[in-house]
Amino acid sequence: DISNIILDTTIPSFTVSAPEDAERIRRFLVSYELSELLDTFDIEIIRTAGEPDAKSPYKIDLPSYLYRKGRFESIDLEQYASLVDGAEYKIGFTGRDKAGNAFSKVMINNLVLDRIAPQVTVVQPKPESFTKKKLLQFETFEPLIEGKIEWIWQSGNSDTENHVINLSEDLLGIGEKSVTEIENIKFVSGANYHVKFTLTDRAKNVTEHLITNVTYDYEAPIVTPIQPLTNQRINIETLKFSTDEPLRICRITWVDQTTNEAHLYLIPRDKVSATEFVVEKAESKLLMIDSHTYQIRIFARDQAGNQKEVVFADSVIFDTKPPVFTQIIPNANGATNSSAVSYNLNEPCQSGRLVWMRISGPNDPASPHIIDLQAYLLKQNINSTISLPVKPLVEGATYAMVLSATDLLGNKSRQFNTPNIIIDRENPIVQIKNLE
């Protein structure tokens with residue numbers, strides 16, 4: 001007696017929801033649904049293109065619990081097959097139930113295994129760069145499904161705004177791209193940013209590419225003179241100044257305002273990245289002419305290409321000669337009854353001295369009489385008059401008068417000696433010996 005026999009002529013239903021034809025995938029995850037328990041269930045993976053796979057084709061026997069009726073999500077086929085990245089495969093599914101009913105073979109074609117994150121070459125901006133241009137250029141080597149570019153503030157002038165560009169569909173293909181949306185971003189001049197590219201390919205591999213330390217700069221460099229300054233006298237050819245940022249080019253021009261000749265000096269490239277500058281004569285090869293007046297100009301271009309030429313200092317007098325006294329009164333080898341001395345200085349001085357030294361005649365216990373010249377007596381081209389010492393010079397004595405000075409740069413004059421001055425304050429006495 002035969003019982004419990006079920007007549008089954010229904011073909012089992014098998015549907016695959018993932019992956020789909022022509023899909024790029026990071027993992028061979030299969031999702032499917034069965035309408036009934038299967039007796040056999042076979043999967044075959046065959047390489048069709050791309051990178052070679054010596055082990056292809058693969059025959060996969062799934063565990064029996066995966067033959068049951070129901071829906072199965074994300075079954076990882078790479079547990080059973082060592083597939084090659086970059087290869088293209090097709091998958092075939094076959095199966096039959098216990099009555100021998102088989103579903104038609106199901107094929108999923110043109111599946112590319114892609115585990116490699118998308119590559120990007122950034123043309124602009126450059127890492128560790130200064131720029132005044134809003135340029136965003138890059139190249140990709142596979143299609144993308146999305147892309148985002150962010151500017152992340154790091155240092156410099158503060159920027160609290162979020163700067164983000166989401167790539168439009170026309171920028172997600174293969175090849176070189178130029179993103180014009182960057183022109184709408186208001187970067188802060190003097191702010192330093194990291195530029196972060198976040199790109200996702202069709203297999204949902206994600207790459208993050210960082211361009212570090214991009215500084216946007218739209219302002220010309222500021223040059224601050226230290227030495228010399230306008231209307232200053234100098235006796236060394238040293239130039240000192242500072243800038244508010246590193247430079248790419250710095251050129252100094254000395255213009256001799258007496259002869260209109262110019263001397264140019266270009267600071268070497270290995271030194272322009274500093275912000276404090278000292279230019280010595282040995283370096284600049286500058287030969288300044290004594291008593292000539294100069295204008296000093298500086299041309300500065302920063303690393304972003306902003307540039308400016310400024311007059312660093314004007315009417316700078318080069319002075320290495322000592323000061324000179326002229327028009328000295330009283331004269332040598334004469335007599336005076338005046339209580340003053342006068343002279344003319346050819347340049348302003350920081351200090352000076354007048355000395356009266358007795359040479360002969362009546363004794364003068366206070367000799368030498370030393371008088372330090374006050375500031376108003378040290379001006380240029382002014383007939384200065386100074387009274388005689390507090391202790392008066394001795395009547396009838398003969399003196400040498402010595403003048404000396406030190407100019408504003410420390411150049412010391414020689415001693416201007418006026419000898420043989422007789423002090424004579426008494427009126428002459430006339431004696432009439434015979435009047436007939």
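This is a predicted model: local features need pLDDT of at least 70, side-chain atom pairs count only at pLDDT 80 or more; totals for chains, interfaces and linings use all residues.
Three strands, in the order β1-β3-β6, make up an open sheet, and they pair in antiparallel fashion. The edges are taken by β1 (14–18) and β6 (70–76); each has a single partner strand, so one side of each is left without a neighbour in the sheet. On average, and with direction ignored, neighbouring strands here are turned by 25 degrees against each other.

Zooming in on one of the pairings, strand β3 (residues 29–34) runs antiparallel to β6, and five bridges join the two. One of the residues involved is L29, whose bridge partner in β6 is D76.

R71 and E33 meet in a salt bridge, at 3.8 Å from N to O. Since R71 sits in strand β6 and E33 in strand β3, the pair ties together parts that are 38 residues apart in sequence. Neither end is buried: R71 is partly exposed, with a relative accessible area of 46%, and E33 is partly exposed too, at 36%. The pair also belongs to a network of salt bridges, in which E33 and R71 are linked with E73.

Across the model, the salt bridge count comes to 16. Two further examples reach across longer stretches of sequence. In one of them, D114 pairs with R24, and the closest N and O atoms are 3.3 Å apart. This pair links distant parts of the chain: D114 belongs to the loop between β8 (102–113) and β9 (120–124), whereas R24 is in strand β2 (residues 24–25), 90 residues apart. How buried or exposed are the two ends? D114 has a relative accessible area of 5%, so it counts as buried, while R24, at 23% relative accessibility, counts as partly exposed. The cut-off matters for that last call, because buried means under 20% relative accessible area.

The other example joins E347 to R233, whose side chains meet in a salt bridge at 3.7 Å, N to O. Again, distant parts of the chain are linked: E347 lies in the loop between β27 (340–345) and β28 (349–360), and R233 lies in strand β18 (residues 233–234), 114 residues apart. Here both partners, E347 and R233, are buried.

How values were computed: Residues are numbered from 1 along each chain as its sequence is written. Side-chain values use heavy atoms; hydrogens and water are left out. Two strands pair if DSSP finds at least two bridges between them. Helices (H or I, at least four residues) and strands (E, at least two) are DSSP runs, numbered from the N terminus. Axes are lines fitted to C-alpha atoms, for helices over the stretch in contact, and angles run from 0 to 180 degrees between N-to-C directions. A salt bridge is a side-chain nitrogen of Lys or Arg within 4 Å of a carboxyl oxygen of Asp or Glu. Buried means under 20% relative accessible area, exposed over 50%, partly exposed in between (1.4 Å probe, protein chains only).
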